[in-house]
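Colleague: I'm new to this one. Can you put it up and walk me through it?

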Amino acid sequence: MARGQGAALDRKKLLADPIMVTTIVVLITFLTLFILYPLAILLVDSFVGDGSFGFSIFKRIFAMPSFTTAITNTLKIGFVVGILSSLIGLLFAYVEVYVRMNKFVGGLFKVVSMLPVVSPPFVLSLSMIMLFGKAGLITRFLLGIYDNSVYGYWGIVIVQTLTFFPVCYMMLKGLLKNIDPSLEEAARDMGASRWKVFADVTLPLLLPGLGNAFLVTFIESIADFANPMIIGGSYDTLATTIYLQITGAYDKAGAAAMAVVLLCITLLMFAVQKYYLEAKTAATLTGKASRARMLIEDRSVKIPLTILCSLGALFVIMMYICVPVGACFPTWGYKFFPLTGKWFTQVFTKYHGLKAFKDSFVLSLIAAPITALLSMIISYLVVKRKFRAKGFIEAVSMLAMAVPGTVLGVGYIRGFSGGLFHTGFLQGIYGTGLILIIVFVVRSLPTGTRSGISALRQIDKSIEESAYDMGADSFKVFMTVTLPLIKDSFLSGLVTAFVRSITAISAIILLVTPSYLLITVQINEFAEKGSFSLACAFATILILITYGAVLLMNLFIKYFGTSRKIKED
Amino acid sequence: MEKVKKGVRLEHISKIYQDPKTGKDFYAVKDTSLTIEPGSFVTLLGPSGCGKTTTLRMIAGFESPDEGEIYLGDEPINELTPNKRDTAMVFQSYALLPHYNVFDNVAYGLKLRKVPKDEIRERVTRILELVELSGMEARMTNQLSGGQQQRVALARALVIEPSVLLFDEPLSNLDAKLRVSMRTEIRRIQQEVGITAIYVTHDQSEAMALSDNIIIMSQGVVAQMGTPQEIYYHPVNEFVADFIGEANFLRGRMTGSEGRFAVLNVEGSEVCVPAREDMAVGGEYTVVLRPEAASLADEGGLPCKVVLSCFMGSYQNYHVMVGDTLVKLEEHNPKNKRIYQVGETCSLVFEPDSVHVL
């Protein structure tokens with residue numbers, strides 16, 4: 001059997017579509033240049049960085065006690081944070097899906113799931129220090145403890161868990177909703193107690209999903225840069241060690257090798273998560289629930305669970321509230337009243353706040369539409385078209401999800417500071433706003449692509465085929481059919497990209513030059529210096545901006561989204 | 001619609017797919033040659049997985065054949081993309097553009113062809129009249145019933161005046177009653193417009209009601225092509241006989257001949273069937289007996305025993321055992337006939353001309 005002719009015809013048909021071909025070529029170039037190449041150069045650097053090919057650099061870094069400790073530290077934290085986050089996430093998800101809650105508790109849950117989206121990833125470290133640190137509001141002034149240290153292992157674990165568990169909660173909530181209630185009712189009917197049902201039916205069904213949540217958090221945790229930076233103290237993780245290796249020790253080859261090690265860990269986790277657990281999750285939880293679940297009304301179950309979750313939620317919310325409040329205290333840890341706006345004034349008068357916000361805002365604003373459009377195009381190609389390079393495009397854009405920002409940052413330094421392959425070609429973009437925009441795009445691309453793909457999968461393939469059949473070429477099909485149908489996903493992709501960009505720090509902090517002031521970098525700097533009030537003032541304004549963007553998006557979707565009109569059956 | 005009618009010709013078309021589980025290649029369509037006359041209504045009929053939809057999608061251009069060439073009229077079209085082919089498809093799921101209203105859906109193809117606005121309005125109005133949807137122009141497609149959506153899909157395909165109209169199981173999402181009325185409608189419109197139509201279905205009554213010609217496909221190859229009558233009365237093999245309508249198969253050895261009839265020994269009794277030139281005494285043959293072609297009598301045919309007797313209103317449904325062979329038959333208009341009960345022994349009788357020998 002020879003499939004040659006069919007393949008040749010498919011190729012010819014593709015080539016008859018110049019816009020499509022150009023798009024694919026541009027995409028492949030972009031992905032290769034800005035995702036694959038920087039990673040490849042890290043490999044090259046770490047093997048031949050000192051002039052001769054071999055493992056000498058790896059030998060060198062593994063001989064550094066600080067590095068091996070960092071590996072153990074990172075894995076330890078990732079493991080614990082992964083487990084804690086998935087368990088807390090499971091508790092929240094279970095209560096939301098299974099237990100009848102009143103409106104107030106439901107509202108708390110919503111806020112908790114929303115907060116990590118709109119806030120920069122490291123604000124919890126700030127509030128942790130301000131509430132529980134040596135001069136913490138709670139530890140010192142409420143409890144009278146004077147020597148409580150939040151820096152180090154436990155600080156990072158608590159802060160990361162509080163930051164990442166809402167992600168697990170959202171993931172597990174979706175899965176629990178997909179469990180057909182009749183399965184559990186059948187078990188109940190045969191005489192199982194509620195606990196038995198949970199242990200014998202719900203939990204086994206959920207196990208792959210739980211593993212998935214654990215690994216996703218694990219990856220997030222070991223890739224996290226800002227929290228360990230602010231609250232880690234002398235407890236270094238891989239991300240911070242790499243950063244210090246490059247900014248402190250100026251050992252670029254060593255940093256590259258360390259980045260390769262970190263990348264290997266996340267890639268391994270990512271591979272397990274993507275190809276093993278995700279498939280398993282889909283296999284065990286396919287069906288849609290056949291009918292609504294009978295919610296648990298039993299007070300002996302309901303009341304303790306509700307109280308426990310509400311307290312947790314309130315605690316998280318308090319942590320976030322601490323940031324804007326902290327920005328209003330005259331002197332943190334010393335003088336709390338009267339509340340003042342002086343820090344906000346200082347942000348703009350003394351610390352170039354306007355420029356910082358302008359730079360961050362403008363760069364993110366440029367990056368967002370590029371990211372959204374690129375991710376929609378990638379999703380369209382991946383879901384709706386078939387061509388040979390499709391696998392490559394899908395794999396590389398997903399790969400970007402597994403690359404920690406710090407690794408990408410080091411890769412960009414090594415890859416572009418001396419031009420492509422140190423030849424000086426394209427050197428011009430290093431240190432400019434352009435490379436920052438590119439980093440923003442690359443960092444947000446996987447999320448956007450993922451949501452685009454799932455949105456597109458829900459659209460009947462024949463709708464686009466019919467347009468194609470009516471005489472539209474690929475470009476026309478994309479513009480007149482695909483894009484309007486996934487407008488909502490496009491809009492939310494736009495805002496997500498914007499929010500992610502304006503709150504990004506890990507890759508950016510390695511690449512930013514003094515000509516650009518970015519808010520997140522400023523916050524990090526002030527937090528490092530101990531000027532928490534200023535850091536809080538910056539963070540508050542940042543949260544306001546991102547929250548505003550999300551509100552704007554929801555408004556947009558409400559009035560201009562098409563999907564609602566279509567969904568009304 | 002003053003257009004030269006075009007036929008479709010498939011020459012040794014094959015399509016190879018990969019089995020996702022085993023990773024092995026297999027023929028979804030194998031060495032299929034077909035000629036579809038201009039202006040005719042042809043149905044591709046077969047069970048799921050027989051390659052009928054793949055064939056249709058190759059004609060539309062969504063799939064590329066691995067072997068062979070497809071012609072539209074006299075023009076080879078293998079290399080043309082779907083948007084460049086002079087075909088229009090009506091999809092199973094209607095595939096209307098959900099963000100457009102009825103008018104814009106129908107006008108979409110014309111706009112792409114840069115037809116002037118006035119002409120678009122005129123042609124859309126005319127075609128909506130043809131499918132009896134006048135006045136619905138401003139409706140969104142989700143405000144339409146299934147039947148109406150299918151009419152929009154049909155109008156959208158017709159309005160661009162393609163040479164060939166392709167239907168991919170267009171009625172399978174409708175309820176039974178609507179299916180019947182819609183297929184009459186489709187046939188009426190096709191005849192009115194005089195367009196060549198290729199229609200994929202797994203529903204034999206749809207195929208019968210619609211087609212000038214039926215092409216029966218099985219496992220990627222054409223099993224038989226012919227008019228509905230040819231296929232029903234003269235199936236070429238057991239698959240076709242069984243697929244179209246109900247069929248009983250009686251196996252027997254030829255013992256002699258009587259004029260234009262051959263005598264077969266079936267389960268120990270002799271029956272007459274129409275003789276064919278290639279039949280010879282001693283040969284084993286299979287007789288196709290349609291349920292409505294046989295009836296029960298007290299004697300004079302194949303001895304049999306009733307195992308099911310069920311009143312169905314317009315007919316009495318019997319299952320009888322002739323030796324070891326189960327025969328299903330329908331005695332129509334049973335009101336004034338003798339009804340045989342389960343367990344009774346009786347005789348299966350049929351006219352020699354009403355059966356077909358494979």
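Modeller: Let's begin inside one sheet: Ala88(B) has Leu165(B) in β7(B) as its bridge partner. This is a predicted model, in which local features need pLDDT of at least 70, side-chain atom pairs count only at pLDDT 80 or more, and totals for chains, interfaces and linings use all residues. Residues are numbered from 1 along each chain as its sequence is written, while chains are lettered from A and ligands numbered from 1 in the order in which they are written.

Colleague: How many bridges pair β6(B) with β7(B), and in which sense?

Modeller: There are 4 bridges, in the parallel sense. Strands count as paired if DSSP finds at least two bridges between them. The element names come from DSSP runs, numbered from the N terminus: helices are H or I with at least four residues, strands are E with at least two.

Colleague: Which way do the residues of β6(B) point?

Modeller: Thr87(B) and Met89(B) point one way, Ala88(B) and Val90(B) the other way, and all are buried. Buried means that 20 or more other C-beta atoms, placed from the backbone, lie within 10 Å of the residue's own; 12 or fewer would be exposed, and in between is partly exposed.

Colleague: What is the strand order of the sheet with β6 of chain B?

Modeller: The order is β6-β7-β8-β3-β9-β10 in chain B, an open sheet of 6 strands with mixed pairing. β6 and β10 (221–226) of chain B are at the edges with a single partner strand each, so one side of each has no neighbour in the sheet. From one strand to the next the twist averages 20°.

Colleague: What about β3 and β9 of chain B?

Modeller: β3 (residues 41–45) and β9 (residues 213–218) of chain B run parallel, joined by 4 bridges. The bridge partner of Val42(B) in β9(B) is Asn213(B).

Colleague: Which helix packs on that sheet?

Modeller: Helix α4 (residues 146–159) of chain B does, touching β6 and β7 (164–168) of chain B, and its direction makes about 180° with that of β6(B). Axes here are lines fitted to C-alpha atoms, for helices over the stretch in contact, and angles run from 0 to 180 degrees between N-to-C directions. Contact means that the C-beta atoms of two residues, placed from the backbone, lie within 7 Å.

Colleague: What joins β15(B) to β19 of chain B?

Modeller: 4 bridges do, and β15(B) and β19 (residues 345–350) of chain B run antiparallel. Ser295(B) has Val349(B) as its bridge partner in β19(B).

Colleague: And what do β12(B) and β13(B) form?

Modeller: A hairpin with 2 residues between the strands; Glu267(B) in the turn has a positive phi of about 50°. β12 (residues 261–266) and β13 (residues 269–274) of chain B are antiparallel, with 6 bridges joining them. One pair is Val263(B) with its bridge partner Cys272(B) in β13(B).

Colleague: Changing topic: how is chain B divided?

Modeller: Into domain 1 (8–242) and domain 2 (246–357). The bounds come from an automatic or database domain assignment. The C-alpha centres of domain 1 and domain 2 of chain B lie 39 Å apart. Their contact takes 6 residues from domain 1 of chain B and 5 residues from domain 2 of chain B.

Colleague: How is chain A divided?

Modeller: Domain 1 is 1–35 + 343–563 and domain 2 is 55–286 + 294–326. The C-alpha centres of these two domains of chain A are 25 Å apart. The contact takes 31 residues from domain 1 of chain A and 31 residues from domain 2 of chain A. On the side of domain 1 of chain A that touches domain 2 of chain A, α25(A) gives the most, with 11 residues.

Colleague: Last one: how many residues make up the contact of chain A and chain B?

Modeller: 29 residues from chain B and 32 residues from chain A. On the chain B side, α2(B) gives the most, with 3 residues.
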